[in-house]
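Biologist: I have a structure open and I want to learn how to read it. Can we go through it feature by feature?

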Amino acid sequence: VIYYSHCLEIEHLDVSENPSITIPFDFIQACVNLKSIRYVSNKSLQFPLNILHTVNLRNLNLSKNLITHLDNVDFTKLASLVVLDLHGNRLSSINDSISKLTCLEELNLSSNVLTGIDVSLCQLTNLKSFDISFNKIHTLPDEVGLLSNLVKFSINNNYLEKKLPDTLVNMSSLEDLDIRFNKLQNIDILSKVPNLLHLYCSKNSVTSFSAEFVKLELFHFDR
């Protein structure tokens, strides 16, 4: 009750490392100025649905839990979200409604068990940073080229094979790409990504390349 009297003053809420914690629905509704929530390392098996009622939330960190699915999560209720961190969970798929997060600029889905990048993620055209490393991804969809505002893309430590989709040339803002520890055999298409500055591609199956990477400032390449 004491905390409820100060709800209007709360902008940042950190309830991390509290495995038995539940954020009451009426408390969340009363925190109309809440901008960020850290719900980290709580051993939660499910997305805490009461969070969906924080209408002005901009930063949500649910990392290092045990969340296995997002099937019942209506992301349209988090329309103001700019940063979403779900790394270190057990997600194998993504709810299509995530595409409605039109303000989202940073998305971290690393260290889950995803086997692919859902096309709905490629509709997040305002993304600037996208980390999907340490998953089980074998291919990238052609639609990944729609992420034209993406600056940093981390897809290292997956199972990408052969070559990357030609549509990467449409990623006109991309400056930093990490594709280390995959099984790629050809990276020539990356020479056509117009503003690529930093490329990390060590520990793949690339034996040679014919393209020139004239704009690169940093190039990590070893077998």
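Biologist: Is Phe 213 buried or exposed?

Modeller: One caution before that: this is a predicted model. Now the idea. Under 20% relative accessible area, a residue counts as buried. Phe 213 has 15%, so Phe 213 is buried.

Biologist: Which ring pairs with the ring of Phe 213?

Modeller: The ring of Phe 209 does. For ring pairs, check the centres and then the planes. Planes over 60 degrees apart count as edge-to-face. Here the centres are 5.5 Å apart and the planes stand at 80 degrees, so the pair is edge-to-face. Phe 209 itself is partly exposed, because its relative accessible area is 30%. Look for Phe 209 in the loop between strand E11 (198-200) and strand E12 (218-220).

Biologist: Which residues make up the ring cluster there?

Modeller: Phe 209, Phe 213, Phe 219 and Phe 221 are linked into a cluster by ring pairs. Phe 209, Phe 219 and Phe 221 also form a nonpolar patch on the surface. Together these three have about 220 Å² of accessible area.

Biologist: How many aromatic pairs are found in the whole structure?

Modeller: Seven. Take one of them, Phe 130 with Phe 153. Planes under 30 degrees apart count as stacked. The planes of Phe 130 and Phe 153 are 10 degrees apart, with 5.5 Å from centre to centre, and the pair is stacked. Phe 130 lies in strand E6 (residues 129-131) and Phe 153 in strand E7, so the pair ties together parts 23 residues apart in sequence. Both Phe 130 and Phe 153 are buried.

Biologist: Now the strands. In what order do they form the sheet?

Modeller: To read a sheet, go from neighbour to neighbour. The order here is E1-E2-E3-E4-E5-E6-E7-E9-E11-E12. That makes 10 strands in an open sheet, with parallel pairing.

Biologist: Which strands stand at the edges?

Modeller: Strand E1 (12-14) and E12 do. Each has a single partner strand, so one side of each is left without a neighbour in the sheet. On average, neighbouring strands of this sheet are turned by 5 degrees against each other, direction ignored.

Biologist: How many bridges join E7 to E9?

Modeller: Three bridges join them. E7 covers residues 152-154, E9 covers residues 176-178, and the two run parallel. Lys 152 stands opposite Asp 176 in E9.

Biologist: Next, charges. How many salt bridges are found in the whole structure?

Modeller: Three. The cut-off is within 4 Å, from a side-chain nitrogen of Lys or Arg to a carboxyl oxygen of Asp or Glu. Arg 38 and Asp 14 meet at 2.9 Å, N to O. Arg 38 is in strand E2 (residues 36-38) and Asp 14 in strand E1, 24 residues apart. Arg 38 is partly exposed at 37% relative accessibility, and Asp 14 is partly exposed at 48%.

Biologist: Which residue forms a salt bridge with Arg 180?

Modeller: Asp 178, with the closest N and O atoms 2.6 Å apart. Compare the two ends. Arg 180 is partly exposed at 27%, whereas Asp 178 is buried at 7%.

Biologist: And which residue forms a salt bridge with Asp 222?

Modeller: Lys 203, with the closest N and O atoms 3.3 Å apart. Asp 222 is in the segment after E12, and Lys 203 is in the loop between E11 and E12, 19 residues away.

Note on methods
Residues are numbered from 1 along each chain as its sequence is written. This is a predicted model: local features need pLDDT of at least 70, side-chain atom pairs count only at pLDDT 80 or more; totals for chains, interfaces and linings use all residues. Side-chain values use heavy atoms; hydrogens and water are left out. Patches are made of residues with over 30% relative accessible area and no salt bridge: like charges are joined within 9 Å, nonpolar side chains (Val, Leu, Ile, Met, Phe, Trp, Tyr) within 5 Å. Accessible areas come from the Shrake-Rupley method with a 1.4 Å probe; for residues, only the protein chains shown count as cover. Helices (H or I, at least four residues) and strands (E, at least two) are DSSP runs, numbered from the N terminus. Two strands pair if DSSP finds at least two bridges between them. Axes are lines fitted to C-alpha atoms, for helices over the stretch in contact, and angles run from 0 to 180 degrees between N-to-C directions. Rings of Phe, Tyr and Trp (its six-membered ring) pair if their centres lie within 6.5 Å; planes under 30 degrees apart count as stacked, over 60 as edge-to-face and the rest as tilted. Buried means under 20% relative accessible area, exposed over 50%, partly exposed in between (1.4 Å probe, protein chains only).
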